[in-house]
Amino acid sequence: MFHKDLALHHSEVAVYGEYSWEVFPYCMELGFGHSILLLPYILVLGKMYFFYLCCTRDPGTISPSNHKQLLKVYTYDGILYHQSHICPTCELTKPARSKHCRVCNRCVHRFDHHCVWVNNCIGALNIRYFLLYLVTLSGMAAAVGTVTVRFLVQVALMSNLHQAMYVNADGEHVPVGNLYIVQRLFLTFPRILFMLGFTLLIFFLLAGYTAFHFYLLITNQTSNEWYKHKNSCLCHMDNSQPSKYLRGNIYHRGFVRNVKEIISPETQQKKVR
Ligand SMILES: [Zn+2]
Ligand SMILES: [Zn+2]
């Protein structure tokens with residue numbers, strides 16, 4: 001799991017190195033606004049902060065001291081969660097929506113998943129930091145990609161590449177296509193084009209993963225529940241009886257309350273104290 005962190009870190013350093021070394025100074029010369037050029041650096045600071053919070057904040061560890069309060073937060077749906085389930089390791093009745101993480105060796109309140117990137121569980125108390133981490137990470141790729149595309153478009157326009165003509169087999173003057181412009185740019189700025197291609201690929205992967213987590217947010221599901229629901233639906237595909245899971249998720253309480261649950265997670269501790 002460590003090499004994944006390193007690969008992500010190295011690719012980030014490579015992209016930002018290229019951005020700072022070539023794209024940034026060229027764009028300064030071309031008179032780009034400071035705010036757009038500095039945006040990738042602001043986002044990287046935000047991302048580092050949320051990464052730190054994801055790594056260090058308690059995801060919602062269930063302990064004998066908070067166990068009673070956490071039991072009251074969610075009702076048992078009788079499908080995925082049953083009142084009678086006891087964690088054999090922690091020796092506590094499992095509150096609904098909790099799960100024992102085998103990596104961290106603890107039960108976590110509203111367990112989402114164990115994240116190898118941040119080497120911590122993602123649960124009720126740190127999922128908001130995880131979402132902000134994903135948003136800033138995708139934002140970094142989007143900002144670097146946008147500035148780089150704008151730079152290349154500007155260069156193409158300034159050098160009149162789009163107006164260039166070539167002579168075809170019949171001896172006619174024909175305007176060059178976009179492929180020719182990309183080829184010319186690639187020959188002039190190979191490192192920038194490589195960096196852009198990689199950044200766009202990473203952006204689409206990250207944006208997809210972030211969108212998935214926002215879908216879970218608005219439907220009030222954890223990754224763990226989504227995975228179990230999906231498998232259950234697949235198992236019941238041949239069955240004439242619809243799966244119990246298809247009848248609805250009892251934790252879904254409408255958009256506003258679902259979002260509120262993430263921003264200010266319920267632990268019932270406020271009421272007890
Ligand atoms: Zn446990
Ligand atoms: Zn864990």
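Student: Is the crossing of α2 and α4 left-handed or right-handed?
Tutor: Helices are DSSP runs (H or I, at least four residues) and so are strands (E, at least two), numbered from the N terminus. A crossing counts as left-handed if the near helix is turned anticlockwise from the far one by less than a right angle, and as right-handed if clockwise. The crossing of α2 and α4 is left-handed.

Student: Which pLDDT do local features need in this model?
Tutor: Residues are numbered from 1 along each chain as its sequence is written, chains are lettered from A and ligands numbered from 1 in the order in which they are written, and side-chain values use heavy atoms, without hydrogens and water. The model is predicted: totals for chains, interfaces and linings use all residues, side-chain atom pairs count only at pLDDT 80 or more, and local features need pLDDT of at least 70.

Student: How are α2 and α4 oriented to each other?
Tutor: Axes are lines fitted to C-alpha atoms, for helices over the stretch in contact, with angles from 0 to 180 degrees between N-to-C directions. The axes of α2 (residues 34–56) and α4 (residues 127–158) come within 8 Å and cross at roughly 160°. Angles under 35 degrees count as roughly parallel, over 145 as roughly antiparallel, 65 to 115 as roughly perpendicular and the rest as oblique. Therefore α2 and α4 are roughly antiparallel.

Student: Which residues hold the zinc ion (ligand 2)?
Tutor: Donors are N, O and S atoms within 2.8 Å of the metal (3.2 Å for Na, K and Ca); water is not among the atoms, so sites may look incomplete. The protein donors here lie 2.1 to 2.3 Å from the zinc ion (ligand 2). They are Cys101 (SG), Cys104 (SG), His114 (ND1) and Cys121 (SG).

Student: What arrangement do the four donor atoms around the zinc ion (ligand 2) make?
Tutor: Four donors count as tetrahedral if all angles lie between 85 and 135 degrees. The angles around the zinc ion (ligand 2) are 99 to 122°, so the arrangement is tetrahedral.

Student: Is Cys101 buried or exposed?
Tutor: Buried means under 20% relative accessible area, exposed over 50%, and partly exposed in between (1.4 Å probe, protein chains only). Cys104 has 26% and is partly exposed. With a relative accessible area of 4%, Cys101 is buried.

Student: Which residues does Tyr26 contact, leaving aside its neighbours within four places in sequence?
Tutor: Tyr26 lies in helix α1 (residues 2–29). Its C-alpha atom is 8.0 Å from that of Phe151, 125 residues apart along the chain. Counting contact as heavy atoms within 4.5 Å, Tyr26 meets Phe151, Phe189 and Ile192.

Technical notes:
Four donors count as tetrahedral if all angles lie between 85 and 135 degrees; four count as square planar and six as octahedral if opposite donors are over 155 degrees apart and all others between 65 and 115; anything else is irregular.
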